[in-house]
Amino acid sequence: MKIAMLGSGFIGRFYADSIQGYRSKDKIVAIYSRKEESAKKFAIDYHVPFSTIVLEEAIARPEVDVVCISLPNFLHEEAVMLCCKHKKAVMTTKPLGRNSAEAKRMLEAVETAGIFNGYLEDLVYTPKFIKAQQSVKSGALGRILWAKSRETHPGPHSDWFWDIEQAGGGCILDLGCHCVEIGRSYIGKDIKPIEVMCWADTQVKPIDAEDHAIGLVKYENGAIGQFEVSWTFRGGLDLRDEVMGTEGTIWVNSFLRTGFEMFTTGKSADYVAEKAESNSGWLFPVGDELNELGYNHMFMDMFDALEKNTQPRETFYDGYVVNSILDAAYKSVKTKQWEPVQLDIWRGRVGVSKDAHLPSYDDDHYLVKEEVTHYGASKLILKNKASGRIVERVVDK
Ligand SMILES: NC(=O)c1ccc[n+]([C@@H]2O[C@H](COP(=O)([O-])OP(=O)(O)OC[C@H]3O[C@@H](n4cnc5c(N)ncnc54)[C@H](O)[C@@H]3O)[C@@H](O)[C@H]2O)c1
């Protein structure tokens, strides 16, 4: 694949490291950046033959197969519309839009133009997530009841993130977009999110947007998603998921305490990991960030889909659903009520009822619980199907 990279900042460089790493055959052939010196530096670092400070010039290059948008949130729509104009396949970093209206316009535009569209949500491509989701899909956890995802760190690194107009929101949009898509993926992307309840506040930073939030997303089948996001967390980048089902549990720690621990006095200290707050004392480095954060598997899926003319696992439609859930979260912060998720476009299942799943013990009873006690008795808690009465049976050994 020949790629035009739009943006040479934090994520543009992570993407470039992933795309061109490991002796990859995919190459960045054009780089756009706002400042000439940044475009040129990126071109030198990644051996890119063409650099420009004119957005359309990078997109329109005839040799470009696919455009990768790594620009601040307020520029995603403009860049997507230019890809539609030039009929270029496009992949966009998260969040798709600053809100659902922007995301919907982008979704409709790429589909009208008939171009490939990929949503770069790396955290549903991490090796741990992929493995965890396989277990969920195989039924190892039974029916999923609750899926929590947490992303917290000490705050982003560029000025525009902290400007509510340019970013579109605070940590709910910036980090909640990851957590919501993780929750959707565990619960089932075909299950409709129906309502959101969210608390948010600006607890620390001198900004107009929220710097800390906790939200609940209710799904049509009765499952609940939970997101915990913060730009005020101290101690690095905390990325964790917890999934609870009728038959099992998964806990995933993707970044901080992953089993790699190191102590240094700080002599010759260097980069440790994304958003690490210190490079001395006890540290938690990350072995291979490109892999651990899902970038490699994400681009593999994107480029495989492009080559095979199929859809990647994450498309603009997913970005639109995520933006719609987050819009409801922002509304709920204001009203302090459960707010409905407004989805003008919904392609999943509808009318999925909340599963009753009452486990029968025998013809007359449901099984509430079965347990072997520390004193060797086997206890059964049963509910009579007709009377509703709860009874206990103890079987002594
Ligand atoms: N894990 C992830 O998926 C992840 C992580 C970080 C950022 N992002 C997303 O990537 C996008 C870019 O974020 P970033 O962290 O790379 O930002 P950044 O500030 O580091 O880089 C932004 C790039 O956009 C260019 N640009 C063009 N016009 C600009 C303008 N008017 N103001 C500022 N920059 C301008 C800059 O030259 C720069 O190359 C955002 O949408 C962000 O949400 C995704």
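**Ligand shell, domain contact and nonpolar core**

By class, the shell around the ligand comprises seven nonpolar, ten polar and five charged residues, where Ala, Val, Leu, Ile, Met, Phe, Trp, Tyr, Cys and Pro count as nonpolar, Asp, Glu, Lys and Arg as charged, and the others, Gly among them, as polar. The model is predicted, and local features need pLDDT of at least 70, side-chain atom pairs count only at pLDDT 80 or more, and totals for chains, interfaces and linings use all residues. Residues are numbered from 1 along each chain as its sequence is written. The ligand is surrounded by 22 residues (C-beta atom, placed from the backbone, within 6 Å of it), the closest being Gly 7, Gly 9, Phe 10, Arg 34 and Ser 158. Because domain 1 (2-121) and domain 2 (124-256 + 286-294 + 315-340) both give residues to this shell, the ligand lies between them; the domain bounds come from an automatic or database domain assignment.

The C-alpha centres of domain 1 and domain 2 are 24 Å apart, and 24 residues of domain 1 are in contact with 22 residues of domain 2 (C-beta atoms, placed from the backbone, within 7 Å).

The largest nonpolar core has 90 residues, such a core being a set of buried Ala, Val, Leu, Ile, Met, Phe, Trp, Tyr and Cys residues joined through C-beta atoms within 7 Å, with buried meaning that 20 or more other C-beta atoms lie within 10 Å of a residue's own. This core draws at least three residues from each of domain 1 and domain 2. Leaving aside neighbours within four places in sequence, Cys 68 contacts Ile 3, Ala 4, Met 5, Leu 6, Tyr 15 and Met 91.

Definitions and conventions:
Buried ≥ 20, exposed ≤ 12 C-beta atoms within 10 Å, placed from the backbone. Contact = placed C-beta atoms within 7 Å.
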